[in-house]
Amino acid sequence: MATVTIRNLEKRFGDVRAVDGIDLSVEEREFLVLLGPSGCGKTTLLRMIAGLERQTRGDILIGGQVVNDLPPRARKIAMVFQSYALYPHMTVRDNIAFPLKAQGVEKASIPERVERAAAMFGIELFLNRKPRELSGGERQRVALARAVVREPTLFLLDEPLSNLDAKLRTLARDELKQFQRRIGTTTIYVTHDQIEAMGLGDRIVVMCGGKVRQVGSPQEVYDNPADTFVAGFLGSPPMNLLRGDDCTVGFRPERFLPLAVHESREELVPLWFRVNRVEDLGSDRLLYGTLHDTFPNERVIVNLPFTVHFPVVAGGVYEFAIKEKDIKFFDKATGRRTEPRRFWAKR
Amino acid sequence: MPGERRGAITSPLSRGVNFGVIAAFVAFTAFPFFWMVITTFKHTLDLMNPANNPFLFNQLPTLAHLRMLFQETAYAKWLWNTAWVGGIVVIITLLLAVPAGYSLARLSGTSGEQLGIGIFLTYLVPPTILFIPLSRVVTFLGLTDSLWSLVVVYPSFTIPFCSWLLMGFFKVIPPDIEEAAMIDGLSRFGAFLRVVLPISVAGILTTVIFTFTLVTQEFVYALTFISSSAKFTVSVGVPTFLVRGDVYFWGSMMAACFIASFPIAILYNLFVDRFIAGFTGGAVK
Amino acid sequence: MKQTAGDLPARPADTGFFGRLADDEKVLGRLMLAPAITYIVALIGFPLLLALFYSVSNVTVGTHGWPSFVGLANFRHAIGNPTFPRALWNTLVFALVSQFFVMILATILAISLQREFRGKWVVRLMILLPWVAPISLGSIGWLWMFDSVYSVINWTGRALGIFGKDTWPIWLGQPTLAMGSVITVHVWRLLPLATVILLGGLSGIPKDIHDAAQMDGAGVLRHHFQITVPLVRPIALVALLFGTVYAFTDMIVIYVLTRGGPYETTQVLSTLAFFTGIDGGDLGGGAAIALFLFPVLAACAVLILRFARQAEVT
């Protein structure tokens with residue numbers, strides 16, 4: 001299995017820097033997620049690793065070997081595209097067999113390998129069908145089978161779940177992760193969906209504007225965001241970011257709970273919370289309101305799980321509290337994390 | 001793949017081969033026109049001397065052929081005739097094909113597709129089958145040897161093709177826009193006039209250019225229906241009139257050919273992308 | 001529109017005859033289509049019937065009033081004419097051979113034009129020239145290039161040593177050469193159209209598929225022949241059929257270059273019909289000859305329909 005090292009990678013389209021100086025290393029067997037909004041450069045980065053785009057500057061190493069000048073087929077990698085890119089004029093069998101034929105694998109072993117790849121994803125029954133006869137989920141599995149059949153050292157996946165129905169997506173996510181664990185191939189996965197990233201990634205690379213904002217495990221990027229962008233991008237509903245006089249204050253909606261509900265009183269910061277609107281979503285309640293006396297003009301969202309029995313009505317003002325360590329502080333100008341300070345009145 | 005750099009890693013060799021291939025094709029397609037230009041400005045004595053290197057100007061270039069073309073033949077008149085016929089045919093075609101194309105695209109339901117193709121197929125009926133009966137029709141209408149005969153007959157092939165082409169263009173416009181207009185108070189026809197047509201200007205212009213090109217190219221009907229030299233179109237006038245017995249006035253002929261070809265080609269080139277989009281959009285799906 | 005809310009005033013257009021018409025989609029559709037259809041029926045349908053009628057009558061240029069019915073005499077006379085089998089053969093040869101070359105050349109050219117490069121606009125202009133220029137004028141250009149005395153092709157051939165002292169091809173005067181010259185001009189004229197259509201077809205292939213083929217390791221040849229060509233095939237067939245129709249029914253190129261000579265060796269059905277009907281005055285005979293074009297045209301039309309429908313890449 002391969003490691004991937006990226007050194008000072010840059011890609012320019014005219015004046016636009018799609019990828020602006022990125023250093024990254026991917027470990028063996030790791031499932032790395034590139035996460036960011038559209039236009040952040042994640043797909044461009046993936047395509048450069050694939051060899052479909054040539055970098056303006058920088059180096060890419062796969063398995064320790066510099067691959068800058070190698071065409072895709074020499075890099076021993078496989079890619080699954082967002083659209084699956086199945087060959088419409090070929091049967092599923094021929095689609096899966098194509099990479100083997102293209103690489104000159106001996107003809108005798110091809111049918112067996114195709115069957116094996118198909119069995120891995122449960123599509124043996126479709127081998128004689130054409131892509132247009134298959135559903136989205138089935139096509140996705142064909143794309144995966146085609147990627148797997150070559151036994152590559154690296155998998156590249158470009159938002160392969162985004163074309164699936166929402167319901168299918170969770171199941172597919174689970175299958176995908178289990179599959180990767182089983183075969184252990186190093187995988188780089190691109191998505192703009194932060195839930196997918198959190199669910200799938202061993203590590204997440206949060207990108208914006210062609211640059212890496214933070215790299216870390218899902219817990220790290222969630223609990224210790226490096227800047228306001230990462231803080232706001234992960235989590236649904238997003239982190240509350242309140243502009244103070246000398247810094248930006250942030251806290252997650254699910255950490256801000258009624259004072260009475262907290263188990264211990266230690267290191268709790270009590271704040272008055274005025275509720276403007278309640279959304280009952282079944283599994284959670286979302287409260288939209290303001291911090292009554294500290295940040296009266298900023299909207300705050302609070303997420304009360306259904307396990308919290310605390311009646312609230314619109315218009316009411318309640319005493320909520322949050323653990324001191326759950327409050328994050330960001331520099332107003334740069335957005336980067338800064339040291340904590342006290343913005344609340346001492347009790 | 002327009003605007004795309006295919007294959008990030010291309011070798012200089014493959015690029016060189018590509019360039020060579022394209023150069024060869026361009027030489028093939030453009031050489032006759034290049035040759036037309038050279039011949040236009042070459043002195044007759046230079047042209048008619050088989051010992052001379054035809055690629056060089058062995059005598060000084062001359063404007064004599066151009067002068068002869070415009071002063072001693074009716075070429076300018078032919079250009080005017082062609083433009084005139086073209087203009088009117090374009091108008092007639094637009095008046096009939098634009099509503100037809102819209103009807104096929106929006107108002108004809110499932111049979112619209114079939115009907116559109118059926119109409120298009122009438123374009124394939126060649127003039128060589130129709131010119132004999134049409135010549136009788138023209139005589140019957142008293143339009144023999146008149147440019148009006150062409151004005152009447154030419155839409156018979158421009159309308160089928162343009163209706164189908166316009167159907168393709170109209171189909172691509174999202175129906176939402178018209179529906180929004182209708183909710184805002186326009187009728188279906190009103191939406192067509194006030195909303196769809198302004199959006200389709202590019203497609204309509206493409207149709208205009210294409211129609212004009214078809215008209216200037218037409219030969220069989222013009223040759224059959226028109227006999228007086230003053231009423232020729234360019235397409236017929238040049239081959240018929242500039243040959244006196246065995247003598248070909250090559251210099252003037254080449255000038256005539258080039259002048260009538262090149263400007264249209266430039267215009268056409270501006271619109272060919274849209275033309276192909278409409279063409280393939282009408283054929284596909 | 002038709003149903004107005006109770007408190008809004010009814011639009012005047014809604015209640016008048018034209019107002020309601022402007023909304024009635026079925027009637028409106030037919031009304032907007034009618035003029036075009038009328039024109040087509042009048043100027044294609046009717047003359048077509050007339051052509052059929054003439055072909056079975058003895059009408060000539062001088063006929064006044066109604067000609068008389070002569071059954072299949074014109075057809076028998078046409079087939080009996082020794083030039084006819086030659087013309088029929090030539091028509092097929094010219095159409096098929098020229099299309100064969102057009103498709104191969106257009107494929108090569110279209111693939112080469114896929115790459116981005118500077119000056120593409122100019123290149124495209126030059127490649128379109130043969131198609132856009134009036135057919136007769138382009139043919140005259142070739143007439144000059146093929147001239148028996150002054151042919152620039154011959155001069156260049158001599159200068160480059162390709163043609164020896166005894167070789168001076170008379171391009172339009174020797175039968176086989178004349179056929180070759182006509183085919184060359186057909187290819188020259190139809191190449192741009194086929195290229196442009198193929199380019200459209202090529203750009204219709206999703207880019208992802210090309211990327212996937214690259215990732216899968218396909219080399220250049222495999223990529224072209226196993227991926228690109230099959231996906232472009234339906235639209236390529238439409239281009240082929242179009243070209244066939246144009247080459248099959250062409251009269252202009254041959255009229256300008258050879259007038260059907262030398263000694264009828266480049267005569268085709270279209271030119272034969274023209275010369276019989278207009279020069280010879282035998283309208284019935286001309287019509288009969290021209291109608292032999294029809295079966296092949298109808299077949300092409302049906303095939304175009306079938307392949308156009310297939311030209312959808314999922």
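Biologist: How many helices and strands does chain A have?

Modeller: Chain A has eight helices and 18 strands. Those are DSSP runs, numbered from the N terminus: helices are H or I with at least four residues, strands are E with at least two. Keep in mind that this is a predicted model, where local features need pLDDT of at least 70, side-chain atom pairs count only at pLDDT 80 or more, and totals for chains, interfaces and linings use all residues. Residues are numbered from 1 along each chain as its sequence is written, while chains are lettered from A and ligands numbered from 1 in the order in which they are written.

Biologist: OK. How is chain A split into domains?

Modeller: Domain 1 covers 4–223 and domain 2 covers 243–331; the bounds come from an automatic or database domain assignment. Taken over C-alpha atoms, the centres of these two domains of chain A are 40 Å apart. The C-alpha atoms of chain A fill a box of roughly 80 × 45 × 35 Å along the principal axes.

Biologist: And how much of chain A is buried?

Modeller: 41% of its 347 residues. Buried means 20 or more other C-beta atoms lie within 10 Å of the residue's own, exposed means 12 or fewer, and partly exposed is in between, with C-beta atoms placed from the backbone.

Biologist: Switching to chain B. What's in it?

Modeller: Chain B has 14 helices and two strands. Of its 285 residues, 49% are buried. The box for its C-alpha atoms is roughly 75 × 65 × 30 Å along the principal axes.

Biologist: How many residues of chain C are in contact with chain B?

Modeller: 90 residues of chain C are in contact with 84 residues of chain B. Contact means that the C-beta atoms of two residues, placed from the backbone, lie within 7 Å. Helix α3 (residues 25–55) of chain C gives the most to the chain C side, with 16 residues. That side divides into 66 nonpolar, 16 polar and eight charged residues. Here Ala, Val, Leu, Ile, Met, Phe, Trp, Tyr, Cys and Pro count as nonpolar, Asp, Glu, Lys and Arg as charged, and the others, Gly among them, as polar.

Biologist: Inside chain C, at what angle do α5 and α11 cross?

Modeller: Roughly 140 degrees, and the axes of helix α5 (residues 83–112) and helix α11 (residues 220–249) of chain C come within 9 Å. Axes are lines fitted to C-alpha atoms, for helices over the stretch in contact, and angles run from 0 to 180 degrees between N-to-C directions.

Biologist: Which residues meet there?

Modeller: On α5(C) they include C:Phe94, C:Ser98 and C:Val102, and on α11(C) they include C:Leu240, C:Gly243 and C:Phe248. By class, this contact has nine nonpolar, six polar and no charged residues.

Biologist: What about α10 of chain C, mostly covered or mostly open?

Modeller: Mostly covered: seven of the nine residues of helix α10 (residues 207–215) are buried. C:His210 and C:Asp211 are among the buried ones. The cover includes α1 (42–50) and β6 (77–80) of chain A together with α11 of chain C. After α10(C) comes C:Gly217, with a positive phi near 95 degrees.

Biologist: What's the phi of C:Arg259?

Modeller: Near 55 degrees, a positive value in a residue other than glycine. C:Arg259 is in the loop between α12 (252–257) and α13 (269–279) of chain C, and counts as partly exposed because it has 15 C-beta neighbours inside 10 Å.
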